[in-house]
Amino acid sequence: MCISPGKTLFMHNIKKKLRSWLMINNPSKSIVGYRIFPDEAVRNAIGYLEPNKCVVFRLALDLTKFENVPNVDVHWFLLESTRDYAGVDIAAIYKSTTTESLFKHRLTVKVSDIHSSESHPLRLATEEPSAIDFYKAEVIKNGISVAKYWLRGGKYVCHLPQKCDVLVRYPKFPTMNQPNSFQKGMRVILDLRKTEKDLYAEAIIEEVTADGYIRLEYSQPGETSNMCMELKLTDPEINIKEIEYEQIEKKADTKKDGTKDKTDSSDGKVEIEKVAALNLVSYQPRGRISFTKRPYMYPPFLLLTEGSQAAIEAIDSSWRMNSLNSIAQCYNMPTRVTVQELQIFKLIGSEWFMGAKATKTFDMAFSFLPSKLGLKNLCYPTIPSMFTDVDVHMLCFLVDQAYFDINLAKENEISLDVPLHFVNAHPITPSPPLNAEQMFASGFNGWVYSVLYSNKLRLPECENLFTDEKPNLTRSQLETMMKSLIHIYTSQCHIFAEQYGGIEYQSTPEDGTQVIQSSIRHLDKNIVKKTSEAEFSSEMFIGKSHRNNVYCKAHQWCLPGTNVHLDGIFDFRPELFSPYEETVNLLWREKLTIPSLPANIYSLFPNLQYFQLFASEALKTLPDGISSCLRLEMISFEDCGIETLPSDLFMIPYLKHLFCNALKVKTLPSHVLSKSPITNLTLSNMLLTSIPKELGQLTSLEMLNLNSNP
């Protein structure tokens, strides 16, 4: 359950047989293997999940066989996306995993019907577990874990005080999106044995009334039109209690080609299953177009009697799995989608910014957060003061890269993250105060909030963002809480824009952000016009004298011309970028005078998506290890003295475009990633006399340019 605001709760231990469902999801872009313990809890306890897939298990465990309450553990480990796997392969890989490569999740189980009167404080899961610590309790906020605690063995239930001013609701997870009552459009099985001998019918709920009645439509054999029936929700016609069964043999699961699933641990044993035996008439739309176009789902099985569940299973044996799978796709969104959230995710690209910038002036980006920002108003902001009593936070926004990203997307179909993030600078109280229209009813400001919320929020340093004392939280917790706060402001911007049809149609003041800049100029000491790598700090912005554009110390090195007077001596030292190196996703350098790049160049920029080197005759070698840049999508090396390319150049997992022109390279790397996504490959004006046969493995290749080679 979700309890808002948070309260002190009493938790009692209870005991009960373990019988439930387990859904595991893979929201990543990689294949992951899984191993579930104990083996008796599920069938097929070891297997793998493709990206953006999920699988549902029925948990059934006899706890009387165990001296202590068993934990249901799910172990995760990464697999290569370039090969196929069988069950024995996954088992062998699992045995070879290390503590660094293995991820573990522990599930609590029902263990007792007796409430324990013991009381003890919960220990943080950051400490080592003791002998009596069996489970972890996680505190979830907006679908993200913010705290973890150790629990003693058992299942715990929460007891709220009788008098407490709180809101209790189900979690905002897709797995909890099943309705808790019968609704219009659901399919049910109707027992017609009172009027028709041994006959059941599949029926559609046409209407559910407030006084507990439902109207059903069903088909009868030999009739040209459908029949209707009105029942109470408690009537036995839809709450089937008694039903006839027959026993059938069920063999091991097989694949479509008839072979046994290698991940199945049943060893081909024949199982006896009890299946409902009934004479069932399927529902026929009979000319109703609206019914033929819309598929109807069965109710959640928690609303059905055992007999009704068996009746549905007789016509669709996988309906339970399909019902759970349909709501278990967590990779879409971690919360239920609101209208504002749909608009936010629609606006995250930069195309709107390109069109709006033609007539507006808003090179500087801002966010507006509560004044005296601290733990209290970070976690529990109050209305309306959070929209009126605000401070202005300047953001690093490299406008030139935003334009470059737009052109790159049009020419190469590559979308880069927007170069927009918080800087560890002091906020400024606007004078005169800004009104809500200036802050939240501007198309550009709405776009800024949407980008902040849609991208991963990174706060490597943030002490100065808080005018009150910085909350005693971990970095992950701070980022989570700050993103939740940003979400509120983002939704407010979209609510203001609703009357225009969305932020993409909302206007921006003719003077752009000039009003906001004027209101903070009296205290704005965070911008410098000139800097050197030794003097510049993480608390300052660099601003160009001829335009309203500021960016952080790291982004000054991303594009040529942002710091021309230091281009020649640039040497990729970490202190030039720290602590904002993780926000750099584009790096384009020219006229380098160093003979080689440092060995740590790739680990320095873990989120690099675009990498370009141009007109650097002194540059001779590039270090190996570029395949560790997991997000790298495009590389361009042109007119450089490079003689050797990284040996793992063709092993970058998501590289789509590789452009090498006018280099002094004689041979190419021979290591090629199987199923490499490279679509465009240019190797022109170099000294190549042959190409490795391994390049034939580039099955996604659409364009190959080998012009002007010997």
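Of the 710 residues of the protein, 46% count as buried, where buried denotes a relative accessible area under 20%, exposed one over 50%, and partly exposed a value in between, computed with a 1.4 Å probe on protein chains only. The model is a predicted one, in which local features need a pLDDT of at least 70 and side-chain atom pairs count only at pLDDT 80 or more, whereas totals for chains, interfaces and linings use all residues. Residues are numbered from 1 along each chain as its sequence is written, and side-chain values use heavy atoms, with hydrogens and water left out.

The pLDDT, which is the predictor's confidence in each residue on a scale from 0 to 100, averages 78 over the protein, and 75% of the residues score at least 70. Over residues 165-176 the pLDDT is below 50, although this stretch has 40 contacts in the model beyond near neighbours in sequence, a contact being defined by heavy atoms within 4.5 Å. The pLDDT is likewise below 50 over residues 329-337, for which 25 contacts are found beyond near neighbours in sequence. Among the contacts in the protein with a separation of 6 or more, 63% are accounted for by residues 24 or more positions apart.

The secondary structure comes to 14 helices and 32 strands, assigned as DSSP runs numbered from the N terminus, with helices (H or I) of at least four residues and strands (E) of at least two. Helix α12, spanning residues 475-497, has 23 residues and reaches 33 Å from its first C-alpha to its last, close to the 33 Å expected at 1.5 Å a residue; the expected span is 1.5 Å times one less than the number of residues. Because 17 of its 23 residues are buried, α12 is largely enclosed by the rest of the structure. Helix α12 lies across β21 and β23 and runs at about 100 degrees to β21, the axes being lines fitted to C-alpha atoms, for helices over the stretch in contact, and the angles running from 0 to 180 degrees between N-to-C directions.

The strands β21 and β23 belong to an open sheet of three strands, ordered β21-β22-β23, in which the pairing is antiparallel; two strands are taken to pair if DSSP finds at least two bridges between them. Since β21 (365-370) and β23 (420-422) stand at the edges with a single partner strand each, one side of each is left without a neighbour in the sheet. The twist of this sheet averages 40 degrees from one strand to the next. Strand β22 (residues 390-397) is joined to the antiparallel β23 by three bridges, and Cys396 stands opposite His421 in β23.

Cys396 is buried, with a relative accessible area of 0%, and its sulfur is 3.7 Å from the closest cysteine sulfur, that of Cys552, which is too far for a bond. The structure holds zero disulfides, a disulfide being a pair of cysteine sulfur atoms within 2.5 Å. Another cysteine, Cys228, is partly exposed, with a relative accessible area of 37%.

A further open sheet of three strands has the order β24-β25-β26, with mixed pairing. Here β24 (527-528) and β26 (550-551) stand at the edges, each with a single partner strand, so one side of each lacks a neighbour in the sheet. Strand β25 (residues 541-543) and β26 run antiparallel and are joined by two bridges, and the bridge partner of Gly543 in β26 is Val550.

Several individual residues were also examined. Glu633, found in the loop between β28 (610-616) and β29 (634-640), is buried, with a relative accessible area of 13%. When residues up to four places away in sequence are not counted, Glu633 touches Ile414, Ser415, Gln609, Tyr654, Leu655, Lys656 and His657. Leu658, in strand β30 (residues 657-661), is buried at a relative accessible area of 2%; leaving aside neighbours within four places in sequence, Leu658 is in contact with Ile635, Leu649, Phe650, Asn680, Leu681 and Thr682. Leu658 and Leu683, 25 residues apart in sequence, are 8.4 Å apart in space, C-alpha to C-alpha. Val139, in strand β10 (residues 133-141), counts as partly exposed at 37% relative accessibility, and its C-alpha atom is separated by 8.4 Å from that of Tyr149, 10 residues apart along the chain.
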